[in-house]
Amino acid sequence: MDDQPHFDVLIVGGGHGGAQAALALVQAGFAGRIAILGDETELPYDRPPLSKEYLAGEKPFERMLLRPAALWAERGITMLLGRHVTTVDPAAHRVTCADGSTVGYGIMIWATGGSPRRIACEGHDLAGVHTVRNKEDADRMIAEMPQVCEAVVIGGGYIGLEAASALVKFGKKVTVVEALDRVLARVAGEPLSRFYEAEHRAHGVDIRLGASVTALTGADRHVTGVTLADGEVIPAQMVIVGIGIVPAVGPLVDAGAAFGNGVRVDAQCRTSLPDIYAIGDCAEHQSVYAEGEWIRLESVQNANDQAKTAVQAIIGNPAPYEAVPWFWSNQYDLKLQTVGLSRGYDDLVVRGTIDKAGFSIVYLKHGTVIALDCVNMVRDYAQGRALVTGRLAPPREALADPAVPLKSLVA
């Protein structure tokens, strides 16, 4: 192993978190050798547009690159692309890749995200069945689009709804199948769910609620339909599965890392393994915005902010991760911006009239503002952040009045 490359900081994962960690190290003046090792052959790119503008043909890939290609070399960051880590040896400070190559490290940042959760039913492996997690996934869908008249999206979360809105722009007949009694049930209150259901239906999307999939049917090894529990078969030449992700933490868990719903990290994003940090979609942390509960957040904000937290610890300036969560989703002409975590809310307040002109939903727990969902209401989103971070409890009637600026409620 004498010819094994060795890096002072090895970042496994080339998504938002991995890229941010590498750049933050350089900006902090870190003098050691830095490498990003990633599964994909592409340079780090912006992933949310995959199910939005990129799939809809509105944004070319070149505009999605997080940094120009030349910048990585200019910053002294080595790119080890197209490699998949299969084992981690914490004692030897070494990883082994699927091709048999090994890479040594002084410190490692694990930023692998997750793999799409597959649907477990007959026909799941038919051609024409897709997930949307990387550029290759989206490119396969785009290539098949001319042969598609009818598409079924399984899962009524953000990824599924964004994909549905993109397919509508291609003129496809789209059906969304959701097992629960409303879309976005795990992440938003009922008023927001019903609003998005109505908007999608207004655009011609057929939304099936409380519907479970029992099989995918096919001909010549290509999907032709989706069979529901009641026996109905919905015709489809394309099926998109958007039912969440599985954290990509196998090698760390095999090496002995503590884990729950993801690899567990402390307030500085350290895992239980020596000199190994974990950030982003694959990392589970105790959040001050979830009353100290262990949570795993799937967002660009979380990946970027955890990257900065890990880097500060690495350079000897540790500080706890306490960034407020935020998220966004673009569907049709609707821009949803969320700040805080609505989980556990016991009351909600609607600001304004629920229509596409703009409204906000304020989530409360014991009278305290814990989150906001803002649809076409950038001002509420910007001003409401202080209510969440300050854990404030303004009068309910003031929150409900759209004429009252939220900034006026910040003591």
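## Close-up views of a predicted model

View 1. Strand β20 and strand β21 (residues 294-295) run antiparallel and are joined by two bridges. (Two strands pair if DSSP finds at least two bridges between them; strands are DSSP runs of E with at least two residues, helices are runs of H or I with at least four residues, and both are numbered from the N terminus.) Look for glutamine 286, whose bridge partner in β21 is tryptophan 294. β20 (residues 283-286) also pairs with strand β18 (residues 262-264), this time in the parallel sense and over two bridges. Here arginine 264 has glutamate 284 in β20 as its bridge partner.

A word on the model: it is predicted, so local features need pLDDT of at least 70 and side-chain atom pairs count only at pLDDT 80 or more, while totals for chains, interfaces and linings use all residues. Residues are numbered from 1 along each chain as its sequence is written, and side-chain values use heavy atoms, leaving out hydrogens and water.

**View 2. The parallel sheet.** Five strands make an open sheet with parallel pairing, in the order β8-β15-β9-β10-β11. β8 (129-130) and β11 (206-209) are at the edges with a single partner strand each, so one side of each has no neighbour in the sheet. Inside the sheet order, strand β9 (residues 150-154) is joined to strand β15 (residues 238-241) by four bridges, with valine 153 partnered by isoleucine 240 in β15. Helix α4 (residues 158-169) lies across β9, β10 (173-178) and β15, at about 170° to β10. (Contact means heavy atoms within 4.5 Å; axes are lines fitted to C-alpha atoms, for helices over the stretch in contact, and angles run from 0 to 180 degrees between N-to-C directions.)

View 3. Six bridges hold β22 and strand β23 (residues 334-340) in antiparallel pairing, and phenylalanine 327 stands opposite threonine 338 in β23.

View 4. Of its 15 lining residues, Tyr289, Ala290, Glu291, Lys365 and Ile370 are the closest to its centre. (On a 1 Å grid over the protein atoms alone, a pocket is an open set of points with protein on both sides within 12 Å along at least five of seven lines, a cavity is a set where a 1.4 Å probe fits but cannot get out, and lining residues have an atom within 4 Å of a point; grid points are joined across faces, edges and corners, and a volume is the space filled by probe spheres set on the points.) Strand β26 (residues 368-375) gives the largest share of the lining, three residues.

**View 5. The cavity.** The count comes to one cavity of 30 Å³ or more. The largest cavity holds about 40 Å³ of space, and its lining includes His285, Tyr289, Asn302 and Glu322.
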